[in-house]
Amino acid sequence: MRVVSIIFLLIFGISSCKSNGSSNELVQYFYPTEGEGQVYIYRDVKNGLAERFHRVYRVEDSKGKHIVVEIYSEDMRIIEAYNYNEDSLNLVDHMVVDRDGKKRQSELFKNTLFPMDMKDETYFVSRFPGVMDSTLILEERQRKVREVKPKQEITVMGKKQQALVIEDNYRTTIFNPITRQESELNGRNYAYYVEGIGLVRWHDMNNKSDFVLQEIISEKQWIALINN
């Protein structure tokens with residue numbers, strides 16, 4: 001259940017100079033699609049010791065150009081990764097680290113996670129191994145720009161910024177295909193994206209956890225940090 005809880009905290013926000021010809025009208029709010037890779041450091045201001053790291057970099061292969069967002073826990077272990085198509089920002093694949101610490105490509109049934117425009121509603125469905133033998137996790141998320149106050153002024157790294165607010169409704173089902181037993185968790189979160197930066201904050205509906213961007217560092221600084 002601890003791994004599932006981490007997923008809930010991490011996943012909400014994965015999702016900013018606009019690329020010429022992009023089919024996504026909100027691309028300027030996404031992580032920058034040009035330049036060197038960077039690592040975003042977030043801290044839970046409700047629980048000061050909790051941190052998350054998002055490593056963002058670009059790759060190009062036979063399928064085109066992609067933006068990869070890797071998610072790391074507070075002890076700098078990779079937990080999952082999202083591979084976005086650079087043009088549409090639709091997901092190409094979703095990777096999770098399984099109970100044995102191995103990287104596994106999930107079964108991706110629905111691949112939209114970042115809205116195409118102010119009225120778009122995305123649908124993300126992924127299935128991957130659970131924390132116990134024989135269990136699976138089905139993760140479903142529907143996201144859209146919040147209808148009431150879709151933009152909000154927030155403070156990011158000491159500077160006031162206008163942020164796009166994404167409403168994120170999720171359902172996570174843990175089930176055992178052998179015994180047919182299952183449990184379900186539903187909830188709502190809010191994620192905040194700033195033009196030219198990307199994800200700067202995410203929190204649950206009751207503000208019991210509230211992750212806020214603290215710093216953006218280079219790949220070189222990240223390597224030094226994890227090797228320290």
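Reader: To start, where does Tyr29 lie?

Author: Before anything else, please keep in mind that this is a predicted model. Tyr29 lies in the loop between α1 and β1.

Reader: And is Tyr29 buried or exposed?

Author: Tyr29 counts as buried, because its relative accessible area is 7%, and the cut-off for that word is under 20%.

Reader: What separates the C-alpha atoms of Tyr29 and Met95?

Author: The C-alpha atoms of those two residues are separated by 23 Å, with Tyr29 and Met95 standing 66 residues apart along the chain.

Reader: Let's switch to the rings. How many aromatic pairs does the count come to?

Author: The count comes to 12 aromatic pairs. One of them joins Phe30 and Tyr84, an edge-to-face arrangement with 4.9 Å from centre to centre and 70° between the planes.

Reader: Which parts does the pair of Phe30 and Tyr84 tie together?

Author: Phe30 is in the loop between α1 (2-11) and β1 (38-44), whereas Tyr84 belongs to strand β4 (residues 78-85), so the pair ties together parts that are 54 residues apart in sequence. Phe30 is buried, since its relative accessible area is 0%, and Tyr84 likewise counts as buried because its relative accessibility is 0%.

Reader: What about Phe114 and Tyr193, how is that pair arranged?

Author: Phe114 and Tyr193 also make an edge-to-face aromatic pair, with 5.2 Å between the centres and 75° between the planes. Phe114 is found in the loop between β7 (107-111) and β8 (121-129) and Tyr193 in strand β12 (residues 182-194), so this pair ties together parts that are 79 residues apart in sequence. As for cover, Phe114 counts as buried because its relative accessibility is 1%, and Tyr193 is buried with a relative accessible area of 0%.

Reader: Staying with rings, what sits over the ring of Tyr190?

Author: That is the charged end of Arg146, which sits over the Tyr190 ring at 5.6 Å from its centre. There is also Arg201, which lies over the face of Tyr192, 4.9 Å from the ring centre.

Reader: On to charges, then. How many salt bridges does the count come to?

Author: The count comes to 14 salt bridges. Among them is the one between Arg52 and Glu74, whose closest N and O atoms are 3.4 Å apart. This pair links distant parts of the chain, with Arg52 in strand β2 (residues 51-61) and Glu74 in the loop between β3 (64-72) and β4, 22 residues apart.

Reader: Why does Arg52 count as buried and Glu74 as partly exposed?

Author: Arg52 is buried because its relative accessible area is 4%, while Glu74 is partly exposed because its relative accessible area is 40%. For the cut-offs, buried means under 20%, exposed means over 50%, and partly exposed is in between.

Reader: With which residue does Arg77 form a salt bridge?

Author: Arg77 forms a salt bridge with Asp75, and the closest N and O atoms are 2.8 Å apart. Arg77 counts as partly exposed because its relative accessibility is 43%, and Asp75 is partly exposed as well, with a relative accessible area of 45%.

Reader: And Arg141 with Glu139, are they buried or exposed?

Author: Both Arg141 and Glu139 are buried, and the closest N and O atoms of their salt bridge are 3.9 Å apart. Salt bridges that share partners join Glu139, Arg141, Arg143 and Asp168 into one network.

Reader: Last topic, the surface. Which residues make the nonpolar surface patch of about 230 Å²?

Author: Ile223, Leu225 and Ile226 make that patch. Ile223 lies in helix α2 (residues 219-226), and it is partly exposed because its relative accessible area is 43%.

Notes
Residues numbered from 1 in each chain as written. Predicted model: local features only at pLDDT ≥ 70, side-chain atom pairs only at ≥ 80, totals over all residues. Heavy atoms only, no water. Patch = residues over 30% accessible without salt bridge, like charges linked within 9 Å, V, L, I, M, F, W, Y side chains within 5 Å. Areas by Shrake-Rupley, 256 points an atom, 1.4 Å probe, with all protein chains shown as cover. Salt bridge = Lys/Arg side-chain N within 4 Å of Asp/Glu carboxyl O. Helix = DSSP H or I, 4+ residues; strand = E, 2+ residues; numbered from the N terminus. Buried < 20%, exposed > 50% of the residue type's maximum accessible area, 1.4 Å probe, protein only. Phe/Tyr/Trp six-rings, centres within 6.5 Å; stacked < 30°, edge-to-face > 60°. Lys NZ or Arg CZ within 6 Å of the ring centre and 35° of its normal.
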